[in-house]
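Hi,

Here is the structure I promised to pass on. Have a look at it first, and then read my notes below.

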Amino acid sequence: MTEIRALGVRAPVGVDTSRPSMARLCNWMLGGKDNYAREREIGEQLDAVAPSQRAGAWASRQFQQRAVRYLIETAGVRQFLDIGAGLPIPEPHQVNTHQAAAHLHPLPEADRPTVVYVDHDPVCIAHGRVLLETTDQSHYVRGDLLDPNLAESEAAIYLELDRPIGVLLCGVLHHIGDGLDPAAVVRGWVDAVPGGSYFLLTHQWNPGDGTRSATAAAGCQDRYLDLMGSGWYRSRAEISALFDGLHVLEPGLVVPGEWWPTGPVRKFPTIAEGLILVGVGRKP
């Protein structure tokens, strides 16, 4: 059990409501209703340590939207792989990868982005197929973050593996323990996609500077590990190492509101928003 906790590896929770589910906790943070009392209790405990967990989750999701739009409009990316997609958030809250693309000016049908959502939890897959497979360009498939054998995966049915792919690793790497080497997990996916592909990463962060934010990050990590079995708040250097071998786009590794914001950066983000670092890297 100690080894499993150190690695951050757990079997999918599925329909077992006695075990807290990270997908259901994220669903609660984003305003969804596919969660239970256990996840709500954990969310409230995290809120007590680092206020505004929901604001932090939304800041991360909005970064994903901005980055996806940038890759479509500026980099010309037309296919995306969202790994660890979790539970979709029904309307009016739904903000998923293909919804972000849909906000762009209309594209010819042949030029519309393809989005493949991936998860290993059967409940997430079932919900995703109902709510996210809304067009011929969006698909929800079974897959595992720890298995980057993309060519042999179900996702490969819908992707052209000789063209650049936008890979989303958002909200998942901080649940991979040091024993599994999260930087090596990212390298496995980098090796699996062609040159010119992009990686969108988000990760929980501990500034480690003795401030209130650092104390809050340590407290949240303790609660994540005790209640969920994973959830590490890493240093900037450790998170930067996830981008090894990638060219990091400006403005670099920043808190969510500072990555190509659509409006002025708020001067005083909430504690929870300030404990996330995000970035986009390009494979040469």
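Val190 is buried, with a relative accessible area of 10%; buried means under 20%, exposed over 50% and partly exposed in between, using a 1.4 Å probe and protein chains only. Val190 sits in helix H7, residues 182-192. Helices (H or I, at least four residues) and strands (E, at least two) are DSSP runs, numbered from the N terminus. Leaving out residues up to four places away in sequence, Val190 touches Phe199, Leu246 and Lys283, where contact means heavy atoms within 4.5 Å. Val190 and Arg282 are 92 residues apart in sequence, yet their C-alpha atoms are 9.4 Å apart in space.

Before you go further, please keep in mind that this is a predicted model: local features need pLDDT of at least 70, side-chain atom pairs count only at pLDDT 80 or more, and totals for chains, interfaces and linings use all residues. Residues are numbered from 1 along each chain as its sequence is written, and side-chain values use heavy atoms, with hydrogens and water left out.

Now to the sheet. It is open and has 7 strands in the order E3-E2-E1-E4-E5-E7-E6, with mixed pairing; two strands pair if DSSP finds at least two bridges between them. Its edge strands are E3 (138-142) and E6 (247-248), each of which pairs on one side only. Helix H4 (residues 53-73) packs on this sheet and touches E1 (79-83), E4, E5 and E7 (276-282). The direction of H4 makes about 170° with that of E5; axes are lines fitted to C-alpha atoms, for helices over the stretch in contact, and angles run from 0 to 180 degrees between N-to-C directions.

Let me walk you through some of the pairings. E4 (residues 166-170) and E5 (residues 198-204) run parallel and are joined by 5 bridges, with Leu168 partnered by Leu200 in E5. E5 and E7 are antiparallel and pair over 7 bridges; here Leu201 stands opposite Gly279 in E7. E6 and E7 also run antiparallel, joined by 2 bridges, and His247 stands opposite Arg282 in E7. Because 6 of its 7 residues are buried, E7 is largely enclosed by the rest of the structure.

Thr202 is worth a click. This residue lies in strand E5 and is buried, with a relative accessible area of 2%. A polar atom of the Thr202 side chain lies 2.7 Å from the backbone nitrogen of Gly171. Not counting residues up to four places away in sequence, Thr202 touches a list of residues including Ser60, Phe63, His174 and Ile276.

Arg129 is another one to look at. It is in helix H6 (residues 122-131) and counts as partly exposed, at 36% relative accessibility. Neighbours within four places aside, Arg129 is in contact with Tyr140, Val141, Arg142 and Glu154. Arg129 and His139 are 10 residues apart in sequence and 7.1 Å apart in space, C-alpha to C-alpha.

What about disulfides, meaning pairs of cysteine sulfur atoms within 2.5 Å? A search of the whole structure finds 0. Take Cys124: the closest cysteine sulfur, in Cys26, is 9.4 Å from its own sulfur, too far for a bond. Cys124 counts as buried at 2% relative accessibility, and Cys220 counts as buried at 0%.

Cheers

How values were computed
A disulfide is a pair of cysteine sulfur atoms within 2.5 Å. A polar contact is a pair of N or O atoms within 3.5 Å; within protein, one must be able to donate a hydrogen and the other to accept it, and residues adjacent in sequence count only if both atoms are side-chain atoms.
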